[in-house]
Each structure stands twice: as structure tokens, then as C-alpha cells.
Protein chains: 2
Amino acid sequence: MISVSDALDALLALVSPTAVETVPLRAAAGRVLAAPVTARRDQPPFAASAMDGYAVKAAEVERDAMFKIIGESAAGHGFAGQVGAGQAVRIFTGAPVPKGADFVVIQEDISRTGSLITISDHPGPGRNIRALGSDFCVGSSVSAPRILSPADIALLAAMNIADVPVRTKPTVALISTGDELALPGDMPGPDQIIASNTFGLDAMITAVGATARILPIARDTIGSLSMALELANKADLIVTIGGASVGDHDLVEQVTEDVGMSRSFYKVAMRPGKPLMAGKIGPSAMVGLPGNPVSAMVCGHIFLLPMLRVMLGLSPETQTPPLAPLANDLPPNGPRTHYMRARLDNHGLHVFDDQDSARLALFAEANALVIRPPHDTARQKSEHLAYIAI
Amino acid sequence: MISVSDALDALLALVSPTAVETVPLRAAAGRVLAAPVTARRDQPPFAASAMDGYAVKAAEVERDAMFKIIGESAAGHGFAGQVGAGQAVRIFTGAPVPKGADFVVIQEDISRTGSLITISDHPGPGRNIRALGSDFCVGSSVSAPRILSPADIALLAAMNIADVPVRTKPTVALISTGDELALPGDMPGPDQIIASNTFGLDAMITAVGATARILPIARDTIGSLSMALELANKADLIVTIGGASVGDHDLVEQVTEDVGMSRSFYKVAMRPGKPLMAGKIGPSAMVGLPGNPVSAMVCGHIFLLPMLRVMLGLSPETQTPPLAPLANDLPPNGPRTHYMRARLDNHGLHVFDDQDSARLALFAEANALVIRPPHDTARQKSEHLAYIAI
């Protein structure tokens, strides 16, 4: 058995960032920017009015000054002429400030009679003009990697980036194994249960930006599992679930050896999830997860998500695990890292009494995994412990 | 001008939950469960072994006790017979516990010779059996509404729910208005800028589970805006961006009145985003957002997302805004609620000096909006202020 951190290191060594593809801007939302992009425009592309008002010469701005209106500058339709002494151009927010003008008197500070205006209130010190390029300039860069947020998408649009280089979505082949499994909607036999892991992992994997392929359930025969592995061919990551201990045989071990898998490790000192194997089958990374539903999902959080983040060109962890106070006491931990299912609310981390790795209904109520290192001492209510939000 | 909270109340009154549709389990991930669903199965559907070992009668379990192995129970293939006195059945994790047995001695506590086993170590008090229905029973309920998490999807699978009732995705028609706008990839004219709001809002809206339709840019004519509104027909929510003040006319006001909009309000006491209008056009809710990119995106967070959450059958707010310490001092606030762009890190909320609502590049660096109520007093570094994560 190896430690969680050694297992994670070994797993991350199995994967590398996917290729770069170019997608239309709209499809880039939530994807990972793969290379820095640079603005193709200045923004604003001209000195622009920040207010509705009148563009004049700053040197002439004072209370009671009068100007003759010689034209209008609206958004999309600038004033082609030049503003001279004693002249003003009616201007609206976002419109180009005409040549010769360098001050916009806001309309609230003006009284107007026909084509004449008078400054009727003391104009403030601000010129109400956004300088050319004051948001960004040609060549201004959006750094990579980053998960493209709605604001990033708006920014890329403003920069006139119609096509965006992003990481190709990693493909993950999910293979559930076991004669006991039926699919949702099936009529299961008396000794059967419904396959749940593939569906939970599919949702988890898809949410971080990978593409999951749910393969047919592999039955507990060499032929069936071999066929599933063949179908998984070319996936960036192959995930088997269960089958690590079938009768007295480890079918997954046997079949993956037959297809030439180079084994990275087997078994990790963690709860839930001890049986976990990993390696490489041709170019694909392969991870064998335990079959208990909660174990499979916890291993998904602890191992698969960091692997996928690396494949997406990101750092493996989103953040240092945050701390929160315990809402109940905890006994000392055993020799394995324990990811304890808990519910975090305003009162702290309520760690469930029942940590049975088969209890999916309970797991669905958890929103945090409290991290207990090996041999962690007993912990008391109000102590702060690190957790992973799930 | 009305307050943010009055505006939000008025906006939420314009919308109601969408219809319920049934989707396949896999497609339900991240969707909002619209009605409680109940398990169609007990889980486990039989008393199941929690370990690899030997199923025997509990009354006979003691150190040095011997048993004759009469068969095997594997996952998916139970043992059909009955365990009698002095008998054991080889059993594996997840397999049905055979009739007559009520204890599983784990294999580490056994020595085996041919078909005979001896308990070689002191078995613990645990029976290593998961009772029938100990995870959930037929009729156990998953409550609604909830955003279906990966763990929820796994649970629904285990309950044999192949089709899931979810809220139909609200449809949102996005109409940018203005002669100054060009699309990403276009060659903009000298007085033009690239439309960014629609793309940012599209990403924001899609991420919470709505479907956005980006309509053609409406030019600053009654005809063009009328046509765009016609195209928006049947959207649950119509969002116009800009056009609230075009030249000396409010085009959006004029055209929406022409199509019979019942006006809910106009202008909200907030920064950024003062010009905001809302009402109903036929069955569709309509919101007119300001055209400044940052204003539009902030209004998206403050108003559109709560509206969409209500349309999805959820409560409008995800949570009470959390508090974080300021990393810098802030001047007193004016008469309007101010959503100040800030970057939250381990040192607290770094509120940007420049709060110009046209600066999209700066907005893309923000991950928090610090909430300043009207007339909020000056605030000092380390004071805790409420913020919205963006």
C-alpha cells in the first residue's frame, strides 16, 4: 500500500495536457484557455464619452460659459467635423469625442435654448472621457491557462477574438464490471443491483470539462472485460470500477496484464477506497477504482479530478483545502488517510456517524470530505480541520 | 428610481417556474429535480456481505471453531442452499448472505485446509453484513427541488430511476442594441466596438442551466428593434442590452411600449447599472439592461440569475452573501447600492480603485462584488463586508 500523496503523484505522472483545439467564442465558455490570446483592438477604439452631454474645449469650461451646438456624436455615428472655440457637439455615452473637444459637460449641468447651451452649474473636475485604449490596447493579453468565465468571454468578445484556443476535452472511458450489475431501467435479477458508479462518475467528469463514454458493463469473464477494454481504445483515460476482487481472482489485474498494462501501483492507504490500481495501457492512462459506490465517488474526487485538471492544462488542485470547525468530536484515525463524509453548514462540519462506503443515500447528503491523515489524533468539536468541498 | 431589493421583488414577480420535463438519467446531471422521486428498489436488495470471508452462523463463531465449506456466494451469484450447523459458505464483498448464515468471518481471521476452515484469530464484534435496505428502501425519497449533483445521479441510478423529472431549461433571448456594435470576427467600422455583453451573458445564463438565444444585433431604429423583439417571441425571458438612451430617445422604451409591454419599473438605485427597465411582453418577462459591459454583467449577477433560479424552481438566492475582511480602506458610499469589483484572496477583499463600468479587462480580474448599501459609511481595512462571488 502506498500513501495517498504517492498515489496521486504516480497518477499525475500518467497523464499530460491534451491537444489544443480552436472553438468559436461562444463554445469556449467554461473551457480552459490553452494559450494566451492578445487583443486585436484598442478598447475604447477612440476617446469616448462616459456620459450624455456636450463635447467642448476644456479650456473654455466655466460656469455661465455659452456654446453653439454644431452637431451630434452618437454611439456608432461620430461627428465628422472639428469643435472650434465656442462650439459644442451634443454627445452620448459611448460616442466618439470629436476632434478639437477634450471635455464633456454632462447634460444635467447645462441649460439649452435652441442651438445654444449655457453651463448652468459648476462642472466637476472630471472630463467624462474614456481615453482610447483605457480598457485594453492591441496586444493586451489574456493569460493562460484559465477556465474561461463569463467575464472572460465578454472580454475576449470585446478584443474581437472570434475563435479561441482551448484544451481538447479529455475522453474518459468508464467501464463498470460485475455480474451483479444491471442498468437503470432494467429488471434486475434477485442477486443484482443497479450500476450507479458509472452514472455518478459520468456527471462528475462531465462537470469539469471532460467527455465520458459509458461502455457496456463488463461481466466477470476475461472475454467480457477484454472486449470492454478494446472498446475503450483511444480514450485518454480508462476507468474501471469494481472487479478488483472477483471470487478469488482479480479479473481486472489479469486482463489488464494480458493487454500489456505497465502497472504503476496497486492499493492505496486510504478510506474509503483501498483497492485502487493504476497504470498505462498503450497511450491511455488507466485507473481501476473500487466498486463500492462511495469509494468510487471519493476516489473520483481525490484522484480523477486532479488527473483531469492536469489533462486540461491546469494545476492538479483547485486550492489548498480550506479549514472549518468541527461540529462534533471525532475518534482517533487509523493507519490510512480517511476522507470522512460530512455536511458543512453555518455551525461547522457535521461528520456523519456512519461512514459505511456502501451508503450512497448518506453520501448524497454530504457536501464535504473531512481529511484525516494517517494516525490523526482524536479531534474535538470546534477544532478546525481541512476538508474538500464535494 | 427604486431600490435594488424592490427591483428584485418586482423582477421575481415577473417569472414563475418552467414546466416539468422528463429526461434520461444521464442528461439529468446538473439539472433541477422538479418533483421528489422515490426508490424503486431496496438497497442492498438482500443482506449483503461487507467483506471477503466466510458466511457462518453467528452462534458458532469463536476462536478455533471449525467449519466445512459447502459452497460460494459471489456478487451476482448467490448461494442457493442453506448454511447449517458447522457449515460455511465462501463469500465475497457485495454478495448475498446465504440463508442460515448471519455472520461473515473475514478471510484474514481464517486458516483454510482444503474444504475446512478454522477461525484462527479473534473475530471482532461486527457481523460484516449490510442489512437489506440499510442504504435505502422502496419508497425512500429524494427531495425536490435540488440541483442534481454527481452523488445524486449515482443515488438515482441505484434507486433504478431511469427517467428523471426536471425543470425545463428557461429560454432567454438576448438582444444587443446599437449601431455602434459589430460581432466578434467582423471588421468593425471606425466608430464601432465589438458586442461583448451578449457573449458574457450567454455564458453566465448557460452555466446556471438556461438556454440562451443570441439574436441579431438590433440597430438603432424602431424597425430593427421591433424585428428583434419579434424573433424573441416565446422566450421565457427577453433581455435587451443598451438602447435605453439612444440620442435623445429611449428606443427600447418606445418599441416595447408599441408591442404592449406592461412596465414594471425603470431605473434602479445601484452602481453600476442605473438604467434598468423591466416588465412583461405577452407571456415573456422582459428586462432591459444597461449597455456598459460591466453594468450589464453585474445586473446579470444581481437580477438575471435570481430570476433564472426562480424559473428553475429554486429559491432566488443561493445563500446569504458571505463576509470577508477588506484588504484596503473604502470611502463612504453615495445614495445608490454599489457593487464594487474586487479580488478575494487569502488576505481578504482587494477592492479595485477603478470602478469604471466600462472597464471589462478589470472586471475579468474580479472574483467578488463587494456590496455597499446606500450611504454606507467609510470602511477600514480588516472590516468584514458582504460580497457576492462571481
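This is a predicted model: local features need pLDDT of at least 70, side-chain atom pairs count only at pLDDT 80 or more; totals for chains, interfaces and linings use all residues.
**Exercise 1. Describe the interface of chain A and chain B: how many residues are in contact, and which element of chain A gives the most to it?**

*Solution.* 
Step 1: Begin with the contacts. On chain A, 69 residues touch chain B, and 69 residues of chain B take part in return.
Step 2: Turn to the area. The two chains bury about 5300 Å² between them, with 55% of it on carbon and sulfur atoms.
Step 3: Look for charge pairs. Six salt bridges cross this interface. One of them joins A:Arg26 to B:Asp202, where the closest N and O atoms are 2.8 Å apart; that counts as a salt bridge because the cut-off is 4 Å.
Step 4: Find the elements on the side of chain A that touches chain B. Those giving two or more residues include helix H2 (150-158) and helix H3 (197-207) of chain A. H2(A) gives the most, with eight residues.
Step 5: Sort that side by class. You get 36 nonpolar, 14 polar and 19 charged residues.

**Exercise 2. Now stay within chain A: what holds for the interface of domain 1 and domain 4, and how many salt bridges does the rule find there?**

*Solution.* 
Step 1: Take the area. Domain 1 and domain 4 of chain A bury about 1400 Å² between them, 68% of it on carbon and sulfur atoms. A:Arg271, A:Val294 and A:Ile302 supply 42% of the area that domain 1 buries here, more than any other three residues.
Step 2: Check the polar side. The rule finds zero salt bridges, while six residue pairs are in polar contact.

Note on methods. Residues are numbered from 1 along each chain as its sequence is written. Chains are lettered from A and ligands numbered from 1 in the order in which they are written. Side-chain values use heavy atoms; hydrogens and water are left out. Contact means heavy atoms within 4.5 Å. Buried area is the accessible area (1.4 Å probe) that two parts lose on being put together, summed over both. A salt bridge is a side-chain nitrogen of Lys or Arg within 4 Å of a carboxyl oxygen of Asp or Glu. Helices (H or I, at least four residues) and strands (E, at least two) are DSSP runs, numbered from the N terminus. Ala, Val, Leu, Ile, Met, Phe, Trp, Tyr, Cys and Pro count as nonpolar, Asp, Glu, Lys and Arg as charged, and the others, Gly among them, as polar. A polar contact is a pair of N or O atoms within 3.5 Å; within protein, one must be able to donate a hydrogen and the other to accept it, and residues adjacent in sequence count only if both atoms are side-chain atoms.
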